[in-house]
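I opened this notebook to record what I looked up in the model, beginning with the ligand and ending with the domains.

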Amino acid sequence: MKHTKVKSLLSSGTTISEVNAKGWVRTFRNNQFIALNDGSTINNIQCVVDFENTPEETLKRITTGAAVSVTGALVESQGAGQKYEIQVSKLEILGDSDAEKFPMQPKKHSLEFLRENAHLRVRTNAFGAIMRVRSVLAHAVHTYFQEKGFVYVNTPVITGADAEGAGEMFQVTALPLDNLPKNEEGKIDYKKDFFGKSTNLTVSGQLEGETYAMALGQIYTFGPTFRAENSNTSRHLAEFWMIEPEVAFNDLDDNMDLAEDFIQFVIKYAMDKCQDDLKFLEGRLLDEEKSKPQAERSEMALLEKLNFVLENNFKRVSYTEAIDILRDSTPNKKKKFQYIINEWGADLQSEHERFLVEKHFKSPVIVYDYPANIKSFYMRMNEDNKTVAAMDILFPGIGEIVGGSQREERYDVLVEKMRTIGIDEEELWWYLDTRRFGSAVHSGFGLGFERLVLFVTGMTNIRDVIPFPRTPQNAEF
Ligand code: 4AD
Ligand code: MG
């Protein structure tokens, strides 16, 4: 007999004389009631064991974490809490679980403890819910772009160029690290390396993505990216997933419209498809909040917060306006910010971003037109010759969730910029070719997938929304 997913059984709508379910025991109560979960839904199905006719030996093996197969009638449940349950006529233990040693006991565990058991934490309600929401959000990303005719492009993970013109990359090499070949100058001879040059893990697929947008019109990437920056924060991973659309003929306004529409679509999609999981996560968050002082509690429950983002336009302010707001703000005047904003040109720190979003506007905010010298070389210089057509989207509880820009499409201006900041034209010859052959206005952005999952699930640490987080000093599993 084929087994049926718990999700279908619970929404059956009718009783069935015989069904089979397979899953893992969450709890076993009164030597009679198994709460069985198979990952298809956050909800368990209650399986009522005929304990009088089941050998004592078998009953003992129904322990938390054990894999079991149950066959029996799907009947309306007498008990509260569920519509249907299985009256077990045949029970098979597929895999025993040593109840005393199984780390996922049916009780509340700390998130730190669960991180140390990342291979088992997905067997908890919270992590099951988070990972289902993550999966649905990934589907939403593809659905959005595919329905709009974007082409999904797989940019390389191993790259010969530093996309952002910045450091903080993981090097990729096949050279023996204990016996590195040296050239005449005494430097490492990368000609002897696998690719005949020095290579890294990509920090972004953007530059390669741009070349494809200049032929396919609208493209998006969705893949892993890597940053070796040593920021041990609740918002940074060394390995994270990024979504990067790039669109020919879009200017900065089009880019902001696209980003806003896209984010609203994927959130709505998750809200429609993950109702049970989000309801659970909302309850979890409320519980967490109870242990915080009143002043630090969030004003909105999870679903209310998600709805708010769907129903309200993101506030759009220029960097210059944002600086004026921050300079005049109470925490700035009272020197509560770690970095005091004195003048135009300062980079915004996450404390400033969060002030704008959480205290001032109380809404997602798009900050645009940043000073050229705090942003990347490829961003389009504005007419004022001071600012570039950049945009960052800031979210409550998260800070920056999106970074993007209109790109510098003018060959001369771009080359000049690269020279000024010392980026090797020869290394990026192929990137410059897009500006030599049929260059056009184009724009794109990058959305950090885990930051999106953080927002939608209401979790607060980015290590809890990716299955096996990679952070400084941590690559277990
Ligand atoms: O702002 P970033 O660095 O932009 C780029 O990489 C551009 N090339 C994107 C583009 O225009 N195509 O990164 C984009 C987003 C950030 O807003 C943030 O959400 C996320 O990627 N991000 C990280 N997420 C987790 N851990 C990290 N270390 C991250 N660094 C950036
Ligand atoms: Mg950024």
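Which atom of ligand 1 does a polar side-chain atom of Ser-204 lie 3.0 Å from? I looked the pair up and found a nitrogen atom of ligand 1 at that distance from Ser-204.

Before going further I noted that this is a predicted model, in which local features need pLDDT of at least 70 and side-chain atom pairs count only at pLDDT 80 or more, while totals for chains, interfaces and linings use all residues. I also noted that residues are numbered from 1 along each chain as its sequence is written, that ligands are numbered from 1 in the order in which they are written, and that side-chain values use heavy atoms, with hydrogens and water left out.

Entry on the ligand. I looked next at oxygen atoms of ligand 1: a polar side-chain atom of Glu-400 lies 2.6 Å from one, and a polar side-chain atom of Arg-407 lies 2.9 Å from one. Taken alone, ligand 1 exposes 630 Å², and the protein buries 92% of that (Shrake-Rupley method, 1.4 Å probe).

Entry on the domains. The protein is divided into domain 1 (6-102) and domain 2 (123-168 + 203-464), with bounds that come from an automatic or database domain assignment. Their centres, taken over C-alpha atoms, are separated by 44 Å.

Entry on the interface. I found 9 residues of domain 1 in contact with 8 residues of domain 2 (heavy atoms within 4.5 Å). The area buried between domain 1 and domain 2 is about 660 Å², with carbon and sulfur atoms giving 42% of it (accessible area, 1.4 Å probe, that two parts lose on being put together, summed over both). In domain 1, Arg-26, Ile-42 and Phe-102 lose the most area to domain 2, together 66% of what that side buries.

Technical notes
Polar contact = N/O pair within 3.5 Å; in protein donor to acceptor, adjacent residues only side chain to side chain.
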